[in-house]
Amino acid sequence: MFEMIQEPDRGSSISKVLVHVLVPGEPDAESKDGLSERGRSQVFELARSRLLAAPAKIYSSKSKDCVTTADILVKELFSSLSIRDCLDEVDLDAKALDDAFLRNEMPKIWDDFDYSYGSGESLQTGRARISSCINALVKLHPDSTIGVVLPPIASVLFYRLVVGGSPQIEDWLYLGFASCTTYEYSKNGWTLVMPPENSFLTEPSTVIDILPSGIF
C-alpha cells in the first residue's frame, strides 16, 4: 500500500523535510509519567545519541508514554512540542492487552488488516489516519527537520508504508523502545534514510519484553 504514503509534491514550495519517527521509551502503565525507570533512561540516551538533527518541532501522540518521551526530548534538544490526536496508537478496543486478547485477537488483527475487534480500529483504518496526519505535518515545515513520537504499532505501519512489504506481528513484537527511524520527504515522495535504530542504548528492550511470557 505504498501509494497511501507516496504523495509527491506538485507545485508547492516544499523542498525536503527530514522526519525522525521516534518510539517512546519502555512504558509502565503504573508509573505516573507512563514510563518505566529504564524507559526514562532510554529516552535520555536517545536525546544524547546524536541521531536527532535538531528538530524544529516535535509532534506526539497524546498517550502518556509518548508525551513524557516528547517532553524529555523537547527539553534536551531545545525544541517545541505539539500533541496531535491523529498520531495516536491504533485503537484496538482493548482496555488492557490481557493474555486472552493477545492470544486470540492480536494474530487476527495482524493477519487481516480489515479486521477490527469490537468497536476498535482495523490496522487499515489506523494506517490511513496516521499516514494522512504525517503527510499534513511535513507540509508545515519545508526545508526543516521534525520529530514525531509514535506508539509502536503506528510506527510499524508507517515504516512499512514507506519501505513496502506487509507489516507482520513480528515487526511489532521486536520493535525497540526509544528507537529512531529517519525518513526524508521531498517532491519525489518518501524515502527511508535510516531504519529503526536503538543500538546506542545501555539497556535496550522491545515490545515482546513487556508482554506476558509464553504467548508469542
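1. Cys 86 is partly exposed at 26% relative accessibility, going by the scale where buried is under 20% relative accessible area, exposed is over 50% and partly exposed lies in between (1.4 Å probe, protein chains only). Bear in mind that this is a predicted model: local features need pLDDT of at least 70, side-chain atom pairs count only at pLDDT 80 or more, and totals for chains, interfaces and linings use all residues. Numbering runs from 1 along each chain as its sequence is written, and side-chain values use heavy atoms, with hydrogens and water left out.

2. Cys 86 pairs with Cys 133 in a disulfide, S to S 2.0 Å; the criterion is two cysteine sulfur atoms within 2.5 Å. The bond ties together distant parts of the chain, 47 residues apart: Cys 86 sits in the loop between strand E3 (81–83) and helix H3 (99–104), Cys 133 in helix H5 (residues 123–138). Helices (H or I, at least four residues) and strands (E, at least two) are DSSP runs, numbered from the N terminus. Cys 133 is buried, at 6% relative accessibility.

3. What about Cys 66, buried or exposed? Cys 66 is buried, with a relative accessible area of 0%. Cys 66 is in no disulfide, and the nearest cysteine sulfur, on Cys 133, is 12 Å away.

4. Cys 180 is in no disulfide either; its nearest cysteine sulfur, that of Cys 66, is 14 Å off. Cys 180 is buried as well, at 0% relative accessibility.
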